[in-house]
Amino acid sequence: MFKTIRNAWKLPELRRKLLFVIFALLIFRVGAAIPVPYINTEYLQDYIAANSGTIFGLLNTLSGSALSQATLFALSIQPYINASIIIQLLTIAIPALERLAKDGGEEGKKKIQSITRYTTLAIGLLQGFGYYTLIRSYGLLTNEGIWAAIVIVVSFTAGAVFLMWLGEQITEFGVGNGISIILFTGIVSRIPSMITTLVTGVRNWAANLDTSSWTETQLASTPIMNPGIAVLLVVGMLLLIIFIVFITNSERRVPVQYAKRVVGRKMYGGQSTHIPIKVNLSGVLPIIFAQSIAMIPATIGMFVPSSQQEGSAWNTFLSVFNSTSALYAVIYFLLIIMFSYFYATIQFNPVEVANNLKKNGGFIPGFRPGRPTAEFLSKVLSRLTFFGAIYLGIVAILPIIAENISGIVNISIGGTSVIIVVGVALETVKMIEAQMLMRHYKGFLE
């Protein structure tokens with residue numbers, strides 16, 4: 001990867017694109033450090049840290065801790081991601097949108113993109129108001145007037161819309177997918193804090209601190225870790241990255257043969273190719289959706305003050321669905337498998353692929369065109385989706401297991417984050433290599 005970036009830096013055009021990406025990411029990190037007024041950020045950070053098992057903990061990780069600091073980019077690009085997923089699902093459910101996406105050409109894509117932008121604005125306003133309501137209900141505001149409410153909600157929404165625009169600029173004038181790169185940067189920015197937590201935990205263990213009289217808040221804020229466990233965590237993280245890279249690049253190549261046909265005096269077809277079907281066809285979306293649903297009880301509990309009282313009904317209920325409990329891990333795992341199958345059927349339609357092969361004179365050796373081909377592709381897709389879903393489930397619950405073993409609360413880089421970081425890094429490097437190949441045709445001449 002570093003060799004590819006170094007070679008790309010030698011090309012003037014690619015160097016300008018890389019510099020544009022760096023400049024855009026600097027703007028993102030500066031905006032992520034600008035606090036929104038009228039919010040007590042010190043108490044807010046403690047509150048988000050204490051409720052890291054909720055959906056707000058996930059959003060805080062994806063935003064690079066901007067949510068807990070109540071900065072301008074606190075909502076990050078989550079409104080845009082949610083809007084994109086909603087429009088993608090509606091495109092399948094609503095025939096008019098489906099025709100616009102398939103038959104509308106470039107103009108249709110622009111209309112769908114415009115609809116996505118307006119949806120992002122609406123979701124940003126909704127999430128900004130919900131975030132403000134949560135902060136106000138727990139007394140984390142320094143000013144509860146109507147003007148303060150307007151400033152906070154508008155600031156959060158404007159930050160989300162600006163990041164959407166910035167991501168589009170990176171995609172157009174930089175290298176790679178801008179939205180993914182911004183998400184990648186937000187997650188990676190938390191790595192120094194994770195390293196600091198590990199080092200502090202080892203130092204506290206070496207100091208042999210007496211924690212018998214400590215409160216739960218002190219235990220949560222002061223990490224203590226055995227050096228052996230710290231080494232195992234680092235090695236486990238490296239092995240997890242290698243595993244994710246292997247699965248991300250894994251695919252089943254279904255052979256396709258095109259029949260020969262004579263047009264005039266020329267013969268066309270006869271070549272062999274393949275249909276690549278990735279093992280993890282749905283990417284990280286099943287984990288994000290499953291985590292959002294599995295965290296609903298804990299998220300609802302954040303809006304119920306009585307849930308913080310020991311012995312209350314809400315507190316007992318939330319302890320059962322705690323993000324580190326065995327029941328939560330089982331529900332989380334099953335939801336990931338369910339959403340993996342759901343998204344796989346959306347991304348790959350065996351009937352449509354079989355019909356396209358039939359129209360173009362292609363066939364899979366050993367299977368007749370049409371229905372037999374569709375049934376074979378459906379069987380292949382089902383098997384690959386099963387292994388991909390198991391892979392996502394294992395990667396997702398590994399941080400839960402690691403947290404229970406190590407005793408460290410709030411492990412910054414979870415399974416979701418690692419998959420996003422590795423996937424974006426591989427995708428960006430492939431795009432850089434493709435642009436380098438367009439400018440150097442040496443590989444074709446050798």
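Which hand does the crossing of helix 5 and helix 7 have? I looked that up to open the notebook, keeping in mind that this is a predicted model.

**Entry 1: helix 5 and helix 7**

The crossing turned out right-handed. I then took the geometry: helix 5 covers residues 78–93 and helix 7 covers residues 105–137, and the two pack at about 130° with axes 8 Å apart. Angles over 145 degrees would count as roughly antiparallel and 65 to 115 as roughly perpendicular, so I filed helix 5 and helix 7 as oblique to each other.

Next I went through the contact residues. On the helix 5 side I noted Gln-78, Pro-79, Tyr-80, Asn-82, Ala-83, Ser-84, Ile-86 and Ile-87. Helix 7 answers with Ile-112, Gln-113, Ile-115, Thr-116, Thr-119, Thr-120, Ile-123, Gly-124 and Gln-127. Sorted by class, this contact has eight nonpolar residues, nine polar and no charged.

**Entry 2: helix 13 and helix 16**

I moved on to helix 13 (residues 285–294) and helix 16 (residues 326–347). Their axes lie 8 Å apart, at an angle of about 135°. That again makes the pair oblique, and I wrote down a right-handed crossing here as well.

From helix 13, the residues in contact are Leu-285, Pro-286, Ile-287, Phe-289, Ala-290, Gln-291, Ile-293 and Ala-294. Among their partners in helix 16 I picked out the tyrosines Tyr-328, Tyr-332 and Tyr-343, along with Phe-339 and Ser-340. The class count reads 13 nonpolar, two polar and no charged.

**Entry 3: the partners of strand 1**

Which strands pair with strand 1? I found strand 4 (residues 272–278), joined antiparallel to strand 1 (residues 251–258) by seven bridges. As a landmark in that pairing I marked Val-254, which sits opposite Ile-275 of strand 4.

I also found strand 5 (residues 362–363), antiparallel to strand 1 and held by two bridges. There the pair to look at is Tyr-258 with Gly-362 of strand 5 opposite. A reminder to myself for when I read the side chains: in a regular strand they alternate between the two faces of the sheet.

**Entry 4: Asn-280**

Is Asn-280 buried or exposed? I located Asn-280 in the loop that leads from strand 4 to helix 13. Its relative accessible area is 13%, and the cut-off for buried is under 20%, so I logged Asn-280 as buried.

Then I checked what Asn-280 touches, leaving aside residues up to four places away in sequence. The list is Ile-247, Tyr-391 and Leu-392.

Methods: Residues numbered from 1 in each chain as written. Predicted model: local features only at pLDDT ≥ 70, side-chain atom pairs only at ≥ 80, totals over all residues. Heavy atoms only, no water. Axes fitted to C-alpha atoms, helices over the stretch in contact; angles between N-to-C directions. Helix = DSSP H or I, 4+ residues; strand = E, 2+ residues; numbered from the N terminus. Parallel < 35°, antiparallel > 145°, perpendicular 65-115°, else oblique. Left-handed = near helix turned anticlockwise from the far one by under 90°. Contact = heavy atoms within 4.5 Å. Nonpolar A, V, L, I, M, F, W, Y, C, P; charged D, E, K, R; others polar. Pairing = 2+ DSSP bridges. Buried < 20%, exposed > 50% of the residue type's maximum accessible area, 1.4 Å probe, protein only.
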